[in-house]
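Here is a quick tour for anyone opening this one for the first time. Take a look at the sequence and the structure, then read on.

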Amino acid sequence: MIDDFIKEITDQTGEVYRVKKCDEAAETLVNIAQEKQIIKLIASTDSVIRRIDLAGVAAKSGIEIRTAGDFKDRDAFKAYAFEHADAGITGVDYGVAESGTLCLVHDENQPRLVSLAPLYHIALLPMKHLVPTYEQAAAQIFSTNAALPSQVSFITGPSMTADIQATSFKGMHGPKHLIVILLGC
Amino acid sequence: MQTVSLFIPCLVDLFLPRIGEATIKLLRHLGLSPVYHETQTCCGQPAISTGRTSQAVRAARHFIDVFKNDEIIVCPSGSCVYTVKYEYPELLKNDPILCRQAAEIGKRTFELSQFMVDVLGVNTTGASFHCQAVFHESCKNLRRLGISEQPKKLIENVSGTMLLPLKEADVCCGFGGAFSVQFPEISEAIVEQKVRHFIDSEADVLILSEPGCLLNLDGYLKLKHPDKKAMHLAEVLCRTG
Amino acid sequence: MQRFYAARAEGYPLVKINTHRFKEIAKEELKNTYSRGFLDIFSQFFPILRKNAMESFSDPQEALEKSAAIRRDVVARLPQLLDAFENNAANNGAKVIRVKDGREANTVIVNLAKKRGIQYVTKGKSMVTEEIGLNQALQANGIDAFESDLGEFITQLLDRPPFHIVGPAMNVPVEEISDIFIQRAEMKTPTLDPVELGHAARVYLRNKFHHAGMGITGVNMAVADTGTIINVENEGNIRMSKSSPKTQVSVMTLEKVVPDMQDALHLLRVLCRSCTGQKLAAYVSMDSGPKKTNEIDGPEELFIIIVDNGRSELYKDIQSRQALQCIRCGACLNTCPVYTKIGGYPYGWAYSGPMGQVLTPLLLGFEATEDLFRACTRCGACRDVCPAGIDHPKMFQAFETRRQERKKIPGLNREEMIIEMGFVIWGWLVTRPRLWELTARLTRKALSLPALSEPLKRIDGPVKHWTHSRTLPHPASQTFREHWKALKKAEYDR
């Protein structure tokens with residue numbers, strides 16, 4: 001299943017890194033940021049991201065990392081996401097092997113624009129969150145008696161289009177690059 | 001000897017009787033005795049497809065009357081067979097007796113290549129025809145009657161005939177009955193594409209099993225590419241040399 | 001023609017409807033070699049993409065039958081499913097507004113925008129909003145509507161109808177796009193590179209997304225069970241319109257509803273494969289109500305507008321209802337021998353190809369759309385690829401029958417009169433074999449006499465149209481019937 005998932009993602013031009021432990025994930029993140037010249041990062045605060053010592057990453061590498069709570073209001077958050085952040089980093093609730101799809105449940109810890117506005121989307125996916133098909137993810141999200149999430153996004157590869165003379169390219173309105181860090185932890 | 005009733009489309013009667021003649025030859029060669037009811041006229045397809053229900057019902061009634069006592073009915077046109085098998089029950093749904101008769105007759109009505117391969121279990125006719133050929137898959141045969149492998153198998157077993165692949169063989173030839181005269185420019189564009197694929201294939205002959213398609217393509221070829229030929233399957237299967 | 005005269009009378013911005021000009025525009029488009037080049041891509045490339053993608057199902061045929069069954073079920077239970085959707089969506093905090101027609105929809109949306117001081121909206125691709133002319137209505141009220149799907153953005157700037165359901169501007173040359181982007185999309189340097197043009201659009205529209213107060217989207221599916229709306233896209237512009245502005249308005253027609261999430265997931269798989277040959281589009285976003293209190297982005301208000309615009313009327317006829325099964329995948333366009341020669345413009349409205357030929361006559365009436373449902377060879381290729389189980393050729397035949405039933409003799413032109421007479425005679429002869437045979441022989445005689453056949457080639461009629469690009473079929477010297485009789489006589493004499 002993991003191999004299927006990785007193949008699907010790379011077919012979409014996504015990059016995949018595999019790490020066993022969370023501190024390795026932090027190190028990988030630093031390397032990616034250096035390689036891609038990412039200086040400003042906007043991050044979710046979901047349960048997966050919280051396993052990474054982002055403050056430590058910021059301190060060590062000099063990357064500026066912001067979360068929603070750092071902004072005084074919606075407009076300030078949006079300004080950063082649209083105009084400053086080079087990359088957005090999120091956890092992933094479910095990874096779906098059948099098409100290499102990342103499923104994000106949006107709530108106060110998972111703002112929508114983090115995985116949408118910047119040119120890079122870095123996604124942290126624990127291997128335990130991998131499921132074979134969409135149904136497993138949907139069953140858990142949609143059949144509880146609790147209130148439904150305001151939005152769920154299924155992300156398969158970077159943003160793309162072929163609307164001009166059937167010429168296909170990535171990075172139309174959403175991210176141009178998708179990087180997935182598979183966590184063994 | 002088993003008798004087989006010939007259902008000869010009106011287009012064949014008027015413009016392409018050689019297809020009917022070839023059908024007789026083939027059936028006799030296979031040890032059958034073809035009979036032709038001279039009272040037959042038209043299955044009614046033109047009236048059905050243009051929504052003229054009352055005229056279509058007249059045609060259907062007459063057809064049933066002519067063919068109701070036949071055990072096997074064979075026709076060198078898939079679209080006519082389709083009309084009898086699938087359009088008649090719908091057309092006659094308000095008359096339960098006629099409708100049932102139509103359904104019964106439909107079970108006994110076969111397109112020629114389907115009859116030869118699926119019913120008689122015949123793969124070859126001993127014909128010979130030295131040529132390179134391509135085969136056009138007529139819409140009703142392919143999509144409605146499931147007839148595609150049968151004619152190709154028969155063609156492949158004609159001695160000396162090499163069956164080449166035809167690009168977009170399953171795309172419509174642009175006839176569509178009334179369509180060809182209601183939208184002549186669009187029809188021409190579709191025919192033109194089919195003929196272009198034929199020419200690009202470098203085959204000498206374009207084989208089809210549908211008289212309407214044949215008239216369409218033959219008419220176009222005669223005007224624009226007189227050196228290229230279109231033939232009906234039945235004619236090819238009778239060739240010797 | 002009644003409908004849009006009525007709209008004109010209301011003084012509301014007129015949607016350009018050109019269904020009555022089908023033949024004329026088709027003839028023009030046949031000569032457009034540039035567009036024909038792109039149509040070849042649709043006809044040759046897309047069906048292969050679709051087929052390969054469908055192979056990822058263990059049984060592709062079964063997958064199509066299942067999606068068709070879901071859509072048939074939806075149409076059968078449409079009123080109940082819509083009620084369930086409305087209830088559940090409202091429970092999620094969405095505001096659901098049902099509107100009777102386009103005029104009402106536009107009024108509601110314009111008022112929503114005005115009340116909130118909205119100066120411009122960003123729009124995701126929505127065919128229903130093209131159907132009702134929402135952009136024109138907003139514009140007429142001083143509110144700009146920026147189409148944000150790249151293809152829609154281009155056709156909006158050029159004021160052109162959509163060329164294809166999925167690629168509305170795919171046939172537009174890069175030179176034209178470059179020019180219009182410089183004129184109206186703040187692009188600085190001309191370029192012929194599609195990627196650079198895309199980037200220019202990204203920059204321009206990004207600014208609009210950032211500061212938009214209202215985002216308007218369509219709806220691909222509305223899940224009745226959970227009150228969830230689903231959007232499918234590759235670019236991210238719909239997610240933008242659902243994330244950045246404080247107000248989201250999502251517009252749907254009745255038939256977008258699906259029973260539950262399981263059904264929706266199956267349809268998503270089939271839709272994406274049928275449409276672009278993808279397993280899943282880049283972004284599928286599912287909204288169940290507006291944002292929650294502590295969420296920093298997303299809409300504070302979510303309005304779901306359910307538009308009828310003639311559909312509940314259409315629904316009353318059991319046969320016509322089938323049209324509502326369509327999921328707008330576009331597979332029928334790519335396999336249609338007619339569409340792939342003429343492109344989208346001749347169909348004259350928001351919907352083109354076979355699905356447009358089914359839906360448009362039912363919504364606009366048969367008078368102004370006759371050529372639409374006749375422009376079909378009845379090959380059935382569309383029916384065979386349709387994941388929603390629509391039998392397009394059968395519907396066209398039904399339309400012909402209904403049109404015939406309503407036809408009034410005085411209204412016919414000369415060519416139509418000749419054809420009517422022809423069929424009356426045909427209907428009379430078909431049960432009279434001897435006279436049928438006689439007529440066949442007379443026809444043969446007539447066609448072989450240049451004095452008779454030549455004039456026929458000049459009068460508007462079947463002969464003239466046939467001989468436009470073909471020789472007249474040459475009647476054989478004997479009909480088959482005569483040949484048979486001769487054969488029998490020879491055998492008898494022996």
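## How the chains meet: A and C

Let's start with a term: two residues are in contact if their C-beta atoms, placed from the backbone, lie within 7 Å. By that rule, 42 residues of chain A are in contact with 51 residues of chain C. On the chain A side, the elements giving two or more residues are α4 (74-83), β6 (101-106), α5 (134-142), β9 (151-155) and β10 (160-161). Helices and strands here are DSSP runs (H or I, at least four residues, for a helix; E, at least two, for a strand), numbered from the N terminus. The top contributor is β9(A), with 5 residues. Sorted by class, the side of chain A that touches chain C has 20 nonpolar, 14 polar and 8 charged residues. For that sorting, Ala, Val, Leu, Ile, Met, Phe, Trp, Tyr, Cys and Pro count as nonpolar, Asp, Glu, Lys and Arg as charged, and the others, Gly among them, as polar.

So what joins β9(A) to strand β9 (residues 283-287) of chain C? There are 5 bridges between these two strands, which run antiparallel; strands pair if DSSP finds at least two bridges between them. Val152(A) stands opposite Met286(C) in β9(C).

## Reading the model

This is a predicted model, where local features need pLDDT of at least 70 and side-chain atom pairs count only at pLDDT 80 or more, while totals for chains, interfaces and linings use all residues. Residues are numbered from 1 along each chain as its sequence is written, and chains are lettered from A and ligands numbered from 1 in the order in which they are written.

## Chain A on its own

Chain A has 5 helices and 12 strands. Its C-alpha atoms fill a box of roughly 45 × 40 × 35 Å along the principal axes. A compact globule of 185 residues would have a radius of gyration near 16 Å, and chain A agrees with its 16 Å. That radius is taken over C-alpha atoms, and the globule rule is 2.2 Å times the number of residues to the power 0.38.

Buried residues make up 52% of the 185 residues in chain A. A residue is buried if 20 or more other C-beta atoms lie within 10 Å of its own, exposed if 12 or fewer, and partly exposed in between, with C-beta atoms placed from the backbone. Of the contacts in chain A with a separation of 6 or more, 75% are between residues 24 or more positions apart.

Chain B has 13 helices and 8 strands. The radius of gyration of chain B is 18 Å, close to the 18 Å the globule rule gives for 241 residues, so chain B is as compact as a globular protein of that length. The C-alpha trace of chain B spans about 50 × 45 × 25 Å along its principal axes, and buried residues account for 58% of its 241 residues.

The domain assignment, which is automatic or from a database, gives chain B domain 1 (3-117) and domain 2 (123-238). Their centres, taken over C-alpha atoms, are separated by 22 Å. The contact takes 28 residues from domain 1 and 26 residues from domain 2. On the domain 1 side, the largest share, 7 residues, comes from α2(B). That side divides into 16 nonpolar, 9 polar and 3 charged residues.

## A closer look at α2(B)

How far apart are the end C-alpha atoms of helix α2 (residues 17-29) of chain B? They are 18 Å apart, which agrees with the 18 Å that its 13 residues should span at 1.5 Å a residue; the expected span is 1.5 Å times one less than the number of residues. Among the buried residues of α2(B) are Pro17(B), Ile19(B), Gly20(B) and Leu27(B). Just after α2(B), Gly31(B) takes a positive phi of about 85 degrees.

## Chain B meets chain C

Here 50 residues of chain B are in contact with 46 residues of chain C. Several helices of chain B each supply at least two residues, including α2 and α12 (211-224). The largest share, 7 residues, comes from α11(B). By class, the side of chain B that touches chain C has 24 nonpolar, 16 polar and 10 charged residues.
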